[in-house]
Amino acid sequence: MQFHHHGYVSTDPRIQDAAGVGLNRPDELPDNVDVLIVGTGPAGMITAAQLSQFPGITTRIVERRGERLAIGQADGIQARSVETFQAFGFAERIIAEAYRITEMAFWTPDPADVTRIIRSARAVDDPTGISEFPHLIVNQARVLDYFAEVMANSPTRMEPDFGFDFRSLETTDEGEYPVTVTLVHTTGERKGQERIVHAKYVVGADGARSGVRDSIGGTLAGDQAFHAWGVMDVLAVTDFPDIRMKCAIQSESGGNILLIPREGGYLFRMYVDLGEVAADDNGAVRTTTIEEIIAKANGILHPYTLDVKNVAWHSVYEVAHRLTDRFDDLLPHEIGTRTPRVFITGDACHTHSAKAGQGMNVSMQDGFNLAWKLGYVLEGRSPESLLGTYSAERQVIAKNLIDFDKTWSTLMATKSEDLEVPLEQFYTQTAEFPSGFMTQYPPSMLIGEDTHQGLATGFPLGKRFKSAPVVRVGDANPVQLGHHHRADGRWRVYAFADAAASGAPSVLTDWAEWMRTSPESPLLAHTPAGADIDSVFDIKVVYQQPHTGVDVGRVPGVFLPITGPYELIDYEKLYATDPEHDIFELRGIDRGGAVVVVRPDMYVATVLPLTATAELAAFFRQMLLVR
């Protein structure tokens, strides 16, 4: 964390100075806003948290509840989400309070006595080291709390506006605020009264029964598996030995359980198989009592017993896999004729079972993807056409999620002897998907072609930037390179040096001089006048030499930017290889050097040679306006 560059800070450095709309932020919901977000679930809160970093944008997020969420239904946090939390500055703190999954146990009927279950296998959660971050379990409400803290500490001082229910919206092509939204007060003296808000853009993060989706004519299409599950968060006394281990438990005749230990050391969640649901059930299965769910769990666990002492929360749901036809308000025939004004995210777009642990995680990536794009358009950095990439990128990802979840849900509900592939084998073979790392965006205005992919094979285009160890030259500290990517809306440009010594004539020094002085350089073409030189592009260099072989005095100036009111030098752009973990070897980076460009939402945008300056300039001109 860097601070003091605007003057000495004696208080919490995570609290940024108020700026822009945060200087005189009204408590009351304004009549006109730039972005109105409906719903304070994970998708809505990450969208708000990212937009809170844009001081000139008026963003408000409304919620029909009168206060923060106390108990969340989602709890699984994949490693990709923890990487995202790192970008927002709270990964370490949430890891400290969460339950960490390191193994999964698999229980099946005992061949010697099928009425009993035995542990048949164990699987390491991340056998290939897909991420340096862990797979966590933590209450969804705590995730929302952390995003709320980010918002409150941001320059815009954003807070949720509780007690507003969405009723309808109408979009016109007229005026500065073309979307008219009707809300209704749900609490207080004005309960039942309507409130009209005019917005430039609206984001519907209001769940599976989304009113925003209905207002733009979107529909959820898909199928229902006609299979019900009871889920309960409980405190219990049991002789089941793996009660603090994530488990898939399959019995001979009593159904199945997915056991998820919760944070805190005592609480755990059970997804209990309630069996097939008749097509004419009409929701009757949802009246299943907690006592019936507990009895069913005891039957599956035999010969072990479960004595439930306290139930924190429980519910019954039927598996459904549905996807919207579009993620914004553009009808098919309108694509290319206008830009979207209304977007939907999270469960408003895609619904699935909870057992693959994907819902909250994918929803947050929806919001992260959309928010920085809204910020860029509203600040005049990018053309409105950038907003069309949201639906194009995220709908495919949601479809892949639903396909995976269908397979996992089916396997979970199938007897072990009927499985073609053992459950534990499927779990390890598909680890990249539930960890959140299968997402790969195709070539577009934001993702380059793979012409030069061979220069950095470990940074596949369209996939998230996979961190690696390096040494920070200025203070000799070993760090993870990717951990310095913050959710501040900036692009990251990593220059991996050729073998020449720092400052010696080389393709790197030529590239650095072009970036610093050429009118065609993205740094000069797209950085607003009067702004810090690194306000749009965070440019870093990684040398092949150990840090002791890098002479800071000879490093090109583009890697030592002067920032802030005191015009201080930033020394945290210079990195060298870690002698025990050479990033050039780990990520397949060509020793002749390479440029790796990473989007604000942490996905690799393009890989180019250091000599390809014209291509680099042309790439950014596709989606960034010249200042």
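Modeller: A contact here means heavy atoms within 4.5 Å. The model is predicted.

Colleague: Start with serine 467, then. Which residues does serine 467 touch, leaving out those up to four places away in sequence?

Modeller: Serine 467 touches Glu132, Gln480, Leu481, Gly482, His483 and Arg587. Serine 467 sits in the loop between helix 9 (423-429) and strand 19.

Colleague: Why is serine 467 called buried?

Modeller: The relative accessibility of serine 467 is 6%. Buried means under 20%. Serine 467 therefore counts as buried.

Colleague: What makes alanine 476 partly exposed?

Modeller: The relative accessible area of alanine 476 is 38%. Buried is under 20% and exposed is over 50%, with partly exposed in between. Alanine 476 therefore counts as partly exposed. This residue lies in the loop between strand 19 (469-472) and strand 20 (477-480). Phi of alanine 476 is positive, near 65°, and the residue is not a glycine.

Colleague: Methionine 602 has a positive phi as well. Is methionine 602 buried or exposed, and how do you know?

Modeller: Methionine 602 has a relative accessible area of 7%. The cut-off for buried is under 20%, so methionine 602 is buried. Phi of methionine 602 is near 80°. The loop here runs between strand 26 (594-598) and strand 27 (604-608).

Colleague: Now glutamate 567. What makes glutamate 567 count as exposed?

Modeller: Its relative accessibility is 58%. Exposed means over 50%, so glutamate 567 counts as exposed. Glutamate 567 is placed in the loop between strand 23 (562-563) and strand 24 (568-569). The C-alpha atoms of glutamate 567 and threonine 219 are separated by 53 Å. Along the chain these two residues are 348 residues apart.

Colleague: Which annotation covers residues 439-625?

Modeller: The unreviewed UniProt entry gives "domain: Phenol hydroxylase-like C-terminal dimerisation" for residues 439-625. Over that stretch the chain is 16% helix and 21% strand. The end C-alpha atoms of the stretch are 27 Å apart.

Colleague: What makes helix 2 mostly covered?

Modeller: Ten of the ten residues of helix 2 (residues 79-88) are buried. Buried again means under 20% relative accessible area. Among the buried residues of helix 2 are Arg80, Glu83, Phe85 and Phe88. The buried residues pack against several elements, including helix 1 (42-51), helix 4 (140-153) and helix 7 (359-378). Just after helix 2, glycine 89 takes a positive phi of about 95°.

Colleague: Which peptide bond is cis, and what is its omega?

Modeller: The bond from histidine 302 to proline 303 is cis, with omega near 20°. Proline 303 is in the loop between helix 6 (290-301) and strand 16 (306-324).

Key:
Residues numbered from 1 in each chain as written. Predicted model: local features only at pLDDT ≥ 70, side-chain atom pairs only at ≥ 80, totals over all residues. Heavy atoms only, no water. UniProt positions renumbered as here; feature names shortened; annotations may be inferred. Helix = DSSP H or I, 4+ residues; strand = E, 2+ residues; numbered from the N terminus. Buried < 20%, exposed > 50% of the residue type's maximum accessible area, 1.4 Å probe, protein only.
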